[in-house]
Amino acid sequence: MIFTPVLAEDDFKAAQKKFSDFVTENGGQITHSNPWGLRSLAYPIDKKTTGLYWVLEYDAPSDVNHRLEVQMNRDENVMRHMITRLDKYAVQYNSRKRNKTSEPEAVNS
């Protein structure tokens with residue numbers, strides 16, 4: 001999701017909690033939440049060149065996606081959103097990437 005950049009930090013956290021709670025209340029489980037913060041947009045949206053980015057990974061029944069999309073469309077603080085369904089390989093990749101500690105990589109000499 002991309003939220004409007006005029007949100008205060010507390011409002012941004014409240015919006016994250018609102019959508020996270022919506023997913024859990026509808027039978028979903030939050031896998032990972034990653035607030036990216038303020039970033040530049042690729043193109044202006046409503047004369048704004050920045051936005052507050054937030055990535056939410058969750059596991060939920062498929063009907064939750066539609067209801068969540070309706071909620072995002074109704075919220076005036078959400079400038080853009082995208083729901084992507086991950087296959088099992090993408091889920092495993094994201095999990096490995098998140099849980100990766102500072103292990104030294106093997107260097108082939």
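**Figure 1. Packing of helix H1 against helix H2 in the predicted model.** Helix H1 spans residues 9-25 and helix H2 spans residues 62-74. The crossing in which H1 passes H2 is right-handed.

**Figure 2. Residues at the contact of H1 with H2.** Helix H1 contributes Phe 19, Phe 22 and Val 23. On the side of helix H2, these residues meet Val 64, Arg 67, Leu 68, Gln 71 and Met 72. By residue class, the contact of H1 with H2 comprises six nonpolar residues, one polar residue and one charged residue.

**Figure 3. The aromatic pair of Phe 3 and Phe 19.** Four aromatic pairs are found in a search of the whole structure, one of them formed by Phe 3 and Phe 19. The ring centres are separated by 6.2 Å, and the planes are 40 degrees apart, a tilted arrangement. Phe 3 belongs to strand E1 (residues 2-3) and Phe 19 to helix H1, so that the pair links distant parts of the chain, 16 residues apart. Phe 3 has a relative accessibility of 0% and therefore counts as buried. Phe 19, with a relative accessible area of 1%, is likewise buried.

**Figure 4. The aromatic pair of Phe 3 and Trp 54.** This pair is also tilted, with 6.3 Å from centre to centre and 35 degrees between the planes. Trp 54 is located in strand E3 (residues 48-59) and Phe 3 in strand E1, so the pair ties together parts that are 51 residues apart in sequence. Both Phe 3 and Trp 54 are buried.

**Figure 5. The aromatic cluster.** Ring pairs join Phe 3, Phe 12, Phe 19 and Trp 54 into a cluster. Of these residues, Phe 19 also takes part in the contact between H1 and H2, where it is one of the residues contributed by H1.

Figure 6. Along the principal axes, the C-alpha atoms fill a box of roughly 55 × 35 × 25 Å. The chain has 109 residues, of which 27% count as buried. Among contacts between residues at least 6 apart in sequence, 62% join residues at least 24 apart.

How values were computed: Residues numbered from 1 in each chain as written. Predicted model: local features only at pLDDT ≥ 70, side-chain atom pairs only at ≥ 80, totals over all residues. Heavy atoms only, no water. Axes fitted to C-alpha atoms, helices over the stretch in contact; angles between N-to-C directions. Helix = DSSP H or I, 4+ residues; strand = E, 2+ residues; numbered from the N terminus. Left-handed = near helix turned anticlockwise from the far one by under 90°. Contact = heavy atoms within 4.5 Å. Nonpolar A, V, L, I, M, F, W, Y, C, P; charged D, E, K, R; others polar. Phe/Tyr/Trp six-rings, centres within 6.5 Å; stacked < 30°, edge-to-face > 60°. Buried < 20%, exposed > 50% of the residue type's maximum accessible area, 1.4 Å probe, protein only.
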